[in-house]
Amino acid sequence: YAELGASVLLLMRGPPCSALVRATTRLRCDAGSYCEAGASAPTLCEGGTYSGEEGATTCKPCDAGSYSNDTTLADRSDCRACPPGAFCVAGSTAPTNCGAGSFAAGPRNALCSACAAETYQPSEGAVGCLPCPEGVLCPRGASVPLPATCDPGTHAPGTFTTKENCLPCDPGFFCPGGAAPPSECRPGSSAPSEGMHECALCVGG
């Protein structure tokens, strides 16, 4: 009788049936969410990530060249393509515009490309670069054309990359140097030979 009473007491002190059911029920994690070990509820995938399978323990980042600011994405294809003029690293929640001196011509760019030599781009979010004007310098990645650095008596041609590209001033013109173009001598002055940085006054008579 004492043993029976002890058994009854132990049963009365045991957990209710609902607690036993909860203890043995596995936590369900649908696509678009994940469940860490010991979690009591699923965690929704944040922007820039997705989960395409049930029971995931983590969410995966959107591929480089794509982005998303939505939550609960269930598939990689739900990530949006990065637009032209911008780049998206893996896990991006928004596109980032290309900086000045660079561009992204098409969609799904993980990085922007630097403008080639003899081109430049002053604006952000560009899809291409502009041709460098004549007589100035545009190195790779230029955001603005740079003044030429020709010596006095020479001038920059259409394509300028170094001083070696500078040309001597033609007779009848003078070239002060730098980025200045050739200038014709005024009446009463002359430049009889090439490579002159100023015109000489004509001798009377």
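This is a predicted model: local features need pLDDT of at least 70, side-chain atom pairs count only at pLDDT 80 or more; totals for chains, interfaces and linings use all residues.

Visitor: How many helices and strands does the secondary structure of the protein come to?

Guide: The protein has two helices and 20 strands.

Visitor: What share of the residues in the protein is buried?

Guide: Of the 205 residues, 27% are buried. The protein exposes about 12,800 Å², and 56% of that area is supplied by carbon and sulfur atoms. As for contacts between residues at least 6 apart in sequence, 31% join residues at least 24 apart.

Visitor: Let us turn to a single residue. Where does Asn-109 lie, and is Asn-109 buried or exposed?

Guide: Asn-109 belongs to the loop between β9 (102–103) and β10 (113–114). The term "buried" applies under 20% relative accessible area. Asn-109 has a value of 17%, so this residue is buried.

Visitor: Which residues does Asn-109 touch, not counting those up to four places away in sequence?

Guide: With those left out, Asn-109 touches Gly-65, Cys-82, Ala-86, Phe-87, Cys-88 and Ala-104.

Visitor: How should I read a salt bridge, and how many does the count come to?

Guide: Side chains of opposite charge can pair when their charged atoms come close. In this model the count comes to three salt bridges. One of them joins Asp-63 and Arg-76, with the closest N and O atoms 3.3 Å apart. Asp-63 lies in the loop between β4 (60–61) and β5 (66–67), and Arg-76 in the loop between β5 and β6 (80–81), so the pair ties together parts that are 13 residues apart in sequence. Asp-63 is partly exposed at 34% relative accessible area, and Arg-76 is partly exposed at 47%.

Visitor: Which residue forms a salt bridge with Asp-70?

Guide: The partner of Asp-70 is Arg-80, and their closest N and O atoms are 3.0 Å apart. Because Asp-70 is in the loop between β5 and β6 and Arg-80 is in strand β6, the pair ties together parts ten residues apart in sequence.

Visitor: Which residue forms a salt bridge with Asp-151?

Guide: Asp-151 pairs with Lys-163, the closest N and O atoms being 3.1 Å apart. Asp-151 sits in the loop between β14 (146–147) and β15 (154–155), and Lys-163 in the loop between β15 and β16 (167–168), so parts twelve residues apart in sequence are tied together. Asp-151 counts as partly exposed at 40% relative accessibility, and Lys-163 is partly exposed at 44%.

Note on methods:
Residues are numbered from 1 along each chain as its sequence is written. Side-chain values use heavy atoms; hydrogens and water are left out. Helices (H or I, at least four residues) and strands (E, at least two) are DSSP runs, numbered from the N terminus. Buried means under 20% relative accessible area, exposed over 50%, partly exposed in between (1.4 Å probe, protein chains only). Contact means heavy atoms within 4.5 Å. Accessible areas come from the Shrake-Rupley method with a 1.4 Å probe; for residues, only the protein chains shown count as cover. A salt bridge is a side-chain nitrogen of Lys or Arg within 4 Å of a carboxyl oxygen of Asp or Glu.
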